[in-house]
Amino acid sequence: MLWAALKDELSFFLVGDPSHLPEGSAYVEINTPAEAPAAMAHGLPVLALHMGAPRVPSVPDPAHAAGVIKSIERAVALVEEGEASAVCTLPIHKKALKDGAQFAFPGHTEFLAHLAGVEHVVMMLASPALRVVPATIHIALADVPTVLTPEGLRRVIEITDTALRDQFHIAQPRLAVAGLNPHAGEGGTMGREEIDWIAPLLDTMRAEGFELRGPLPADTMFHAAARASYDAAICMYHDQALIPIKTLDFDRGVNVTLGLPFVRTSPDHGTAFDIAGKGLANPSSSLEALRLAWKMANT
């Protein structure tokens with residue numbers, strides 16, 4: 001499906017087991033990434049890597065774990081060696097990886113950072129309508145005020161600014177920064193984090209040359225006129241960032257990892273085992289993830 005939609009638009013290849021493709025899939029086994037552009041005219045280029053067991057739609061299998069991990073490692077190595085220009089990952093089943101290969105990472109992103117030798121990375125969700133970056137991610141809401149620190153927020157802003165310059169080719173990124181509390185604290189009546197350290201940090205960074213707006217009330221940051229005034233929104237916690245982008249552009253949201261020494265994108269959804277093999281999956285997010293990776297790597 002992805003190949004048929006993109007074969008006349010861009011070039012990509014799969015690192016994986018061709019026997020795991022749906023029956024009747026048009027594919028071409030390749031030996032090197034350099035063969036992929038020519039192969040695209042005939043079928044999905046596949047750099048074959050055995051997964052260790054047959055596929056059974058909708059059933060996660062720990063026997064695939066070692067192969068899945070090797071496919072990620074191989075993709076990163078190809079990019080680092082200059083044989084490929086970007087990595088676009090598809091969803092993984094973390095429990096199957098832990099059960100089958102003692103996978104020691106919470107997910108793709110942490111594993112990719114480990115492979116790249118990078119300590120800090122940032123998650124961006126991007127679509128044609130909006131780019132958002134949560135400063136804290138998969139933690140309880142009650143823990144956000146203590147996990148969120150001036151040092152951590154500064155790092156998120158710096159990584160986002162650098163990525164927008166280097167990978168999105170925006171000469172002077174404009175960042176809108178949400179407040180933590182309702183109405184950005186409303187002068188301290190709904191919380192003091194904005195007064196005590198968020199606003200002072202933004203003032204300091206503005207003096208250093210960053211173009212920042214905020215701290216802003218999150219409930220007025222995402223209408224059309226507001227979105228036109230910035231290139232990305234820095235949000236304080238997971239839902240503050242993901243609710244607006246999934247409301248505005250659910251099908252086309254793309255996960256982009258900022259801070260890696262290479263381009264990495266992925267669709268903004270999980271494995272969807274409940275519909276696997278039924279022909280019901282919406283490919284929009286995967287299509288946009290491939291398109292964005294191509295654009296970031298080739299602009």
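Strand β10 (residues 254–258) is joined to β11 by three bridges, and the two strands run antiparallel; here strands (E, at least two residues) and helices (H or I, at least four residues) are DSSP runs numbered from the N terminus, and two strands pair if DSSP finds at least two bridges between them. The model is a predicted one, in which local features need pLDDT of at least 70 and side-chain atom pairs count only at pLDDT 80 or more, while totals for chains, interfaces and linings use all residues. Residues are numbered from 1 along each chain as its sequence is written, and side-chain values use heavy atoms, with hydrogens and water left out.

Within this pair, Val254 has Pro267 of β11 as its bridge partner. The two strands form a hairpin with four residues between them, and Gly259 in the turn has a positive phi of about 100°.

Cys88 counts as partly exposed, at 24% relative accessibility, whereas Cys235 is buried, with a relative accessible area of 0%. The structure holds zero disulfides, a disulfide being a pair of cysteine sulfur atoms within 2.5 Å.

A further open sheet consists of three strands in the order β1-β3-β2, with parallel pairing. Strands β1 (14–16) and β2 (27–30) stand at its edges, each with a single partner strand, so one side of each is left without a neighbour in the sheet. Four bridges join β2 to the parallel strand β3 (residues 44–48), and Val28 has Pro45 of β3 as its bridge partner.

Over the whole chain there are eleven helices and eleven strands. The radius of gyration, taken over C-alpha atoms, is 20 Å, close to the 19 Å that the globule rule (2.2 Å times the number of residues to the power 0.38) gives for 299 residues, so the chain is as compact as a globular protein of that length. Buried residues make up 45% of the 299 residues.

How values were computed
Buried < 20%, exposed > 50% of the residue type's maximum accessible area, 1.4 Å probe, protein only.
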